[in-house]
Structure formats: structure tokens, C-alpha cells
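Student: Please take a close look at one part of this model. I would like a single chain, its fold and its contacts, in one connected answer.

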Amino acid sequence: MTATRTILPLAAAAACLLWLLAARQLPLPGWPLDPEGMSLGQIRMGFGLMPRGVIALLAGAALGLSGAILQVVLRNPVADPTTLGISSGAQLALVMATIFAPDLLAGGRWPIAMTGGLAAAGLVLTIGARRAFAPVTMVIAGMLVGLTASAVATAVTLAQGQYLLSLVIWNGGSLVQQDWSGVRNLSAVLALGGAAAGALARPLRVLSLGAEGAAGLGLNVALVRLAAVVLAVAVAASVSAELGLIAFVGLAAPALTRSMGARGIGPLLLWSPLVGALVLSICDGLVLAVEGSGGEMFPTGALTGLVGGPLLIWLLPRLRGSTPPGTETAEGTAPRLSCPGRLLAVVGLGLITAAALLLWIGRVPGGWAVLDPGSMAAFLPMRLPRLVAAAASGAALALAGAMLQRLTANPLASPEVLGVSGGASLGFAAVTFAVAAPSGLMLTSGTMAGGALALALLLAFTARRDMPAERVLLAGIAVSAFASAVLSATMAVGDARSWAILTWLSGATSTVSLAGALSLAALAVAIWLGGLATSRWLSVLPLGPSVSGGLGVNLRLARLVLIIMAGTATGAATVITGPLSFVGLMAPHLSRRVGLVRPADHLTGSALIGAGLMLVADFGARMAGFPYELPLGLFATLIGAPWLIWLMTRRPG
Amino acid sequence: MTLFQIRNLSVEVPGRRLLDDLTLDLPAGRVIALIGHNGSGKSTLLKVLARQMPAHGHVAFEGRPLSHWRARDHARRLAFLPQTTPPAEGMLVRELVTLGRYPWHGALGRFGPADHAAVAAAMEECGVTRFADRLVDTLSGGERQRVWLAMMVAQQAGTLLLDEPISALDISHQVEVMDLVRRMCHAQGRSAVIVLHEVNMAARFCDHVVALKAGRLVLQGSPADLMRPAALQAIYGLPMQVLTRDDGLPVAIPA
């Protein structure tokens, strides 16, 4: 820990300096603090800036502790409350409580945040337990649970109108304080959590031998794991309840501690809170410095998110030990059809029939109606582009998902995880904020450019030698995390532009033109043909890089081509559906489950099923809230997420 | 003739040197055992030879430096079996063996009569024809290993590199698989380099033995050169006794 002696004091000095920089205009209040006899400046100092400085230290320490415990108990160097979906779960629970049962909040936000965080953690751990807690799978599962929770929270926010935008601001993780109550709560949590962590240190050290080894030494593995995870969730959830979503401090603190040379579990648990406190203090000091000049509220949590994305990418090559072979297999032996052609024909016909039906029938005030030829002519120009766009984007996402799942040999790979959607969202947001009244074309090209940029980043990462495909997924996750951090920062501005972004994020087909829909369809067909042309790669690649390399497959070229195809498909579909839909994850799975095994059949089946799912989602989005339309991507998520979670928690075999 | 010419080969990972300035020639047309203690670098050497791992130094395969080979040309001449074979989800035996033709037809080439013939011959040679329409994942360990061997045979490569092909099998399947590899090589003039744990298996089924210790060469020679107490002690750092079976073959056990 020699580096610690120089780095830690320097960091502490920097944190102090930044805080003093913000505090220098305000007069110091007398002690004890008594608002009656204080000037306005003294009140701002004594009940604003001072508790803010303390709470940054406390929250950082709590998150550092939580992250260190999670990383130790899961033996996973990229585990933290953000990557495991705990923070998002807590956030969803709070949003739900605010809207549906505000009375519950009377008992404080903490129990609700705790329940939500525990539910999310439980879900992710159940999924992880099926797959030997493989680090990459855990993070992917955590991100999926987190994304779903945020999607549901967004849905509820949208449904309840603009006044909930303040919730979005809270989600950004603002450290602004009005009194010392937050400090009191968090210091109690930190003291209790620290004591509990101290008590758990020795069992955790034994657990670091692995479950079998620890059980052999007489440790109650399940109990220790449960206690440690509950402790970590409790600590993280109390930060969520107090301050909102502060991403990645829990990831950064243990990682930095380790890189400074801390070895073993005791030092890690001891130093991580300290490093976490300094990291969050410095971030908050920077925000204060910016705020001092601009005066606009900019949540600190968004800034830590900005640091977190690149940090995750930096950590990836250091992630030791890939997944043991076979543990990523989601389910047992799937059925296999002898005549896949027949099934594909039936699905294809069904799709066309359904599309035709959906064109004709619709809801009218007071019931359902089949259109007569006259109204058909009136409705067709409105309905046809929507249907075509929905089906095409579903097919494109499904193709991208099928390719990624085969490329990475990981059944959890999907376009949502690739980061392209995140980049596309950033592009959309950038145009919304940069241009006063953007046209549809500008928004589309901005979105595509953002997606392309994320793709380029991902490609630069893939081009490196020996980069296993699953790490590429993690890089995608890092890009997504980065994007969502920037988005929450921009949303925090909280005006009409934020509203436009929020609407788009949940996906809307209502604005698409026929030309746009047809070009998307053409793209989907092109990607499908490309997939068929590369079907030999797609049959070899699931066997892993050593077999594929041994057979003379040019791995670099194959990865490049497939990622470009998947990325293009995702970027184009995202313009229509918004960044989240889960169709890219669901359709390839369904196609696989009905017995389409060979790559060409699998791809074709995925595309057809994806198109069908999106048609259903589109129909549901139009009809469920008639006469209002729900966003398409959101509706697809609400269908897809429960199914996905059911699939992942099922026992293999 | 030399199969592999290895000059000053080193492989380093942070904090450890897996291969240390190794210089060695491997002869062609033989079944070569690579043996050594855990961490001696035997698997690392095999991975370098199979171009699965980057290394410093010079390695030539059939007289051409490894880096000069195009991926598919290399795969036409050399087939590699990793230590743990991945699950072949939903794949039939015939389909897996067919993948062995990839180096010949590539991503877009036609799967012609020659390819069909090679697949049929490979399945016949490895005795897996009767499993052809079964799912790979439903076979037993020994059967599955023979299917993977059939895939390598379908590659029609003159050289087979096998990383501990029998470590997960019971003793009867170990003998069966090693017997098959030996027959394949001797009947068709193929070369093989096999990483083995078991010194008696190496002595019984291989023509040539290369022993590594801590990333350096300690012994290269015939099985008879290996089966001497002094040689075995040098390799494993453990006193060993060599007994003679009734049929005259030597057997080594820890003394």
C-alpha cells in the first residue's frame, strides 16, 4: 500500500480544496446551528453546503463498502449496486410507492428502497445461481433487470404526467441538502453496516475459496452469502433512498483500492469505503465548482456515471477467468425439428395474415370495427407505415439478437446489451438540445450517428487481439451505462426538451413515414440475406474461439462483419422503437425453443417471430389505452421482461 | 523431416514465464507425447503450435513460419482439439463432423461431393457412423471425444494437435481413444502431438516423447529413453520405479 500514502492524502486535499472553493463566498455560522439568529448566507452554509460535504463522504463510503462486499461475496470484480440492478430496483420501488401508495412513504423512503433493492438483487442472484455465478452473466442479468426496472419506472412516469419529472431529477442522484437529517441517517447506516461487515470479514475470507471449499471447512455458505448480500443491499438502498441513483462509486472504490495494492479481504473492506468517500467528494466538489459559475442544478450521480463507463472498460481486460464452459447454457437439450421448412412457412403465412387483419380491424369509440373499403382508403396511409415499420424493426432486432447470441455463445446477448441503443439515445438527445426545433430527418440522422459512434467504439474494442466475445458485451454495457448517465444529466434540466427525450426513449411508431418504413424493411431483408451468407460462421462460432480458430475461421473478420450487421440493424430499429424492447433477446430464444437449430433456419425463424412480436406489441400499444397510444418499445418491454425473467430463473434441463 | 522447428520460444504472462527460451525440433510422421508436471508449459506449447496463443521466438510448421500461414491453409494442414470441448448445443453428430470441412469450402464455397465423401470417411474411420443422426450432447464422454476426432479427420489435415484428449475419460475409453489416434496416424501417415498427463499412456501409445519442466526441455527421445528411473525423476522430481510387464513393456510407478 505504498501508493496509498501519497495518493490518498492528495485526493483528500483535492476534495477539501474543491469544497472550500464552493464555500468561500458563504459566511461561517456560529455553533450550535440555530436558524433563528443566522443570516441567509449562514443558513445556506450551515444547512446546505456543510451537510452536503459530509453526506458526500458518507454516501461514498457506504457505496464503497457495499461494492466491496458484493465483489467479495460474488467473487466478481465488476459487481456493484449499479451493475447488479440493485439501485434501479430501489428506484422503481420508490417511483411505484410515490404514485400508487404515497401513504407508504410516511414510514420513510428507506424500507421501500430496501424492498425494491432486495427484490432486484434476489432476481439477479437467482439467475446467477443457475449459472455458477459466472461474473459476465451476472452483470448481463443485472443490467437487464436494471434496464427493465428503469423502463417500468419510465412507463409509470409517462403515464402520470409531467409533475413526476422531479422523480427523474432525483434519479440523477443529486446531493443537495436542506438539513442534517440525511447525514444522521447515513452515518447510522454506515456505522451499523461497518460493524456488520467487520463481523462478516472472516467468513467471507473462507468463502473466497469458493462454495465447495468453504462448505468443506464447515462454513454455512448459503447463510453467509445471504447475510452479505442483504447487508450490501441494505447499505446501497439507504443511499438510494436518501440521494437517488449514484452510479459506479461502488464499482470504482474497490477497483481503485485493489489497484493501489490492497491484498486480501480485510484491507479491501477497510479501504474501499475510504476511497469511495473521496471519489464521491471529489465528484461532488467538481459539480459544486461548475454549479458555482452556472447556477444550474446538475446531479452528482450523473457525473459518477460519466466516470463509471470508462472505468468499466478499463477493468475489462483485468477480469480474470472467463466463464466455465457450459455454465452459460440457458436450458437443457432443446427440441429439434426434422422439417423446419414447414414450420417457417406456417409462421410466415401467419405473419402475413395477422398483418392483413391488423390493417382491417381496429377500435372505435364504443367497440371494435372492421373497416369498410371507404374508410380503409382513408386509414391505409396511416396504418400501413406503422405496421411495416413495427414488423421490420422487430425483424431487424431479432436478427441482430440471433447473430450476437451465436457470435458470443451467450444466450443473454442482445442488441440492448450491445450499447448501440445507448449511443443512439445520446444522438437523439444531442440533436434535441443542440437544435431549437429539429426536423424529423435531423433527429433520425442524429440517432443513427449516435448508434454508429457507439458501434465504432465497440469495433475499436473488438479489433484488439484475443478479446473474447463476452467481454465485448461488457464493453457494450459500459457504453449503455455511460449513455444513461449522460441522459439523466440532460434530463435533469427538466424542460420540454427532456420530455421529448423521455417520450422517444419509450419508443413511438406514430410518426414514421411510408418511405422510412419501407427503407427499414429493405434493411431488415438485407441483414437477413447477410446472415444467410454468413451462416457457416454462425454455426462454427458458438463452439468458441479455440475450435473456430482451429478450423481456420478468420475470427477478427467474422466478429467485425457480424457486429457491423448487428449494430446497423439495431441502430436503424432503435429509431422506430426506442432503445429498449427485448425483442432482440426474445425472438432468437423462441425460435430456438420451437426447434429451429441450424443457423439459416434459426435466423429466419427469429426474424419472423421478431416481426410478429413487434406487430402484437404495436397492436397492443394502440389498443390498450385507446384512444391514447402507448409507446411501442415500452409495450414490448412490458410483454418481454416478465417472460425473460421467467426464462432465466427456470432450472436448466 | 521436421514437422515443427522451434527456436528460442518464450511465452510470458504477467509474473510468470510459461515457456523459457525453448529450442526444439519435432519429427514428422510420428505420434509425439508432450509430458511434464502441472505448469510445465506443455499445454502452452501446444497452443502456440496451434496458433491459439501469441509467443516470442520463431516457430516453423512444415518449413514455413507460423505467422506466414493463411488461417484456412493452416487449418487444412493442421487440426487442433482443445482440452475441454465446448457443448455443441442442438447439433447432430453429422453436422459437427461437417464443420471440419470449413477450411476447404470456407464461408461461401460450395459443399461438394468431395466434402461429402470426406465427412463419410471420417465418421467411418472413427466409428461414429451409427451415431450420425444423434445429438452430440446426448453421447457419452468417450463417444463424444471420437466425434470430435472425426471432425478433425474430416479436416484432412496431416497433423493433429490434441490437448489432454483423455483426461476426462475412464480407463477403457482412454485406451480406446489413444488406440484410435495411434491407428489413424500410423495407417494414414499422419503426425500427432498429444499433451498427456499419464506417463504410461505416453510410453505405450506414442513413438516419441518430449518432456518439459518449468518451461524448459528436459528430455526428448523414444519411450524407452523415458522409462528410466533417472529420466522420470528429472521430469517429475519424484523417485520412480520402472517395472516390466509380462509382455516386456515397461510400467512406471512412484517408488
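Tutor: Helices here are DSSP runs of H or I with at least four residues, and strands are runs of E with at least two. On that basis, chain B has ten helices and twelve strands. The model is a predicted one.

Start with overall form. The C-alpha atoms of chain B fill a box of roughly 55 × 45 × 35 Å along the principal axes. Take the contacts in chain B between residues at least 6 apart in sequence: 63% of them join residues at least 24 apart.

Now the side that touches chain A. Chain B gives 23 residues to this contact, and chain A gives 24. On the chain B side, α2 (71-77), β6 (78-81) and α4 (102-105) each supply two or more residues. The largest share, four residues, comes from α2(B). By class, this side of chain B has 15 nonpolar, five polar and three charged residues.

The largest nonpolar core has 267 residues. B:A150 and B:I194 are among the members that touch the most others, as are A:A59, A:A62, A:A396 and A:L399. Helix α14 of chain A (residues 373-408) gives this core its largest share, 16 residues. Domain 1 (2-318) and domain 2 (387-649) of chain A both contribute, so the core lies between them.

Leaving out residues up to four places away in sequence, B:A150 touches B:V97, B:A122, B:M123, B:C126 and B:V128.

Key: Residues numbered from 1 in each chain as written. Chains lettered and ligands numbered in written order. Predicted model: local features only at pLDDT ≥ 70, side-chain atom pairs only at ≥ 80, totals over all residues. Contact = placed C-beta atoms within 7 Å. Nonpolar A, V, L, I, M, F, W, Y, C, P; charged D, E, K, R; others polar. Core = buried A, V, L, I, M, F, W, Y, C linked by C-beta atoms within 7 Å. Buried ≥ 20, exposed ≤ 12 C-beta atoms within 10 Å, placed from the backbone. Domains from an automatic or database assignment.
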